[in-house]
Amino acid sequence: VQLQASGGGLGQPGGSLRLSCAASGRNFSVFALGWFRQAPGKEREFVATISQIGGRTYYADSVKGRFIISRDNAKNTVSLQMNSLKPEDTAAYYCAAAFVPRRVPNEYKYWGQGTQVTVSS
């Protein structure tokens, strides 16, 4: 499966941005999907993941209550609604696909290119 992320840009503190990731290829629904982020000089970190049917979602503590991950298997897309943005959310965001919804990057088999999110006033 190939993943293409979009929707990054400049957001203001307290504002919102929505990221989307479109998948091509078959069997999209067999994959759990995740979002990760990586700031300059830092390791890639887990943000959120959603199970194959969407019944289970998991979030990093740093984004819990502010970000919402969702998926549309009919459209082969996964989204990340980012609310109450903070400057520390600034990073390149990556979508990824795995067979199980995990928090560890190494568990993900397919990766999209990053989309930059910058939170600044």
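Predicted model: local features only at pLDDT ≥ 70, side-chain atom pairs only at ≥ 80, totals over all residues.
## Arginine 66 and its contacts

A polar contact is a pair of N or O atoms within 3.5 Å, where, within protein, one must be able to donate a hydrogen and the other to accept it. The side chain of arginine 66 reaches the backbone oxygen of serine 62 at 2.8 Å. A polar contact of 2.8 Å also joins the side chain of arginine 66 to that of aspartate 89.

Where along the chain does arginine 66 sit? Its place is the loop between S6 and S7. Its relative accessible area is 9%, so arginine 66 counts as buried, the cut-off being under 20%. Leaving aside neighbours within four places in sequence, the residues in contact with arginine 66 are Gln81, Met82, Asn83, Ser84, Leu85, Lys86 and Asp89.

## Salt bridges around aspartate 89

Side chains of opposite charge can pair when their charged atoms come close. This structure holds 4 salt bridges. One of them brings together the side chains of aspartate 89 and arginine 66, at 2.8 Å from N to O. That pair links distant parts of the chain, 23 residues apart: aspartate 89 is in the loop between S8 and S9, while arginine 66 is in the loop between strand S6 (57-59) and strand S7 (67-72). Both aspartate 89 and arginine 66 are buried. Salt bridges that share partners join Arg37, Glu45, Arg66 and Asp89 into one network.

Aspartate 89 also meets arginine 37 in a salt bridge between their side chains, at 2.9 Å from N to O. Arginine 37 belongs to strand S4 (residues 32-38) and aspartate 89 to the loop between S8 and strand S9 (91-98), so this pair ties together parts that are 52 residues apart in sequence. Are these two partners buried or exposed? Arginine 37 counts as buried because its relative accessibility is 5%, and aspartate 89 counts as buried because its value is 0%.

## A salt bridge with an exposed partner

Aspartate 61 forms a salt bridge with lysine 64, and the closest N and O atoms are 3.3 Å apart. Aspartate 61 has 68% relative accessibility and therefore counts as exposed, since the cut-off for that label is over 50%.

## Strands S1 and S3

Strand S1 (residues 2-6) shows two faces: Leu3 and Ala5 make up the covered one, and Gln2, Gln4 and Ser6 the uncovered one. How do S1 and strand S3 (residues 17-24) pair? They run in the antiparallel sense, over 5 bridges. Serine 6 of the uncovered face stands opposite serine 20 in S3.

## Threonine 77 in strand S8

Threonine 77 lies in strand S8, which covers residues 77-82. Its relative accessibility is 22%, so threonine 77 counts as partly exposed. Not counting residues up to four places away in sequence, threonine 77 touches Cys21, Ala22, Phe28, Ser70, Arg71 and Asp72. The C-alpha atoms of threonine 77 and leucine 33 are separated by 9.5 Å, with the two residues 44 apart along the chain.

## A nonpolar surface patch

Which residues make the nonpolar surface patch of about 250 Å²? Val30, Phe99 and Val100 do. Phenylalanine 99 is placed in the loop between S9 and strand S10 (110-111).

Notes: Residues numbered from 1 in each chain as written. Heavy atoms only, no water. Helix = DSSP H or I, 4+ residues; strand = E, 2+ residues; numbered from the N terminus. Buried < 20%, exposed > 50% of the residue type's maximum accessible area, 1.4 Å probe, protein only. Contact = heavy atoms within 4.5 Å. Pairing = 2+ DSSP bridges. Patch = residues over 30% accessible without salt bridge, like charges linked within 9 Å, V, L, I, M, F, W, Y side chains within 5 Å. Areas by Shrake-Rupley, 256 points an atom, 1.4 Å probe, with all protein chains shown as cover.
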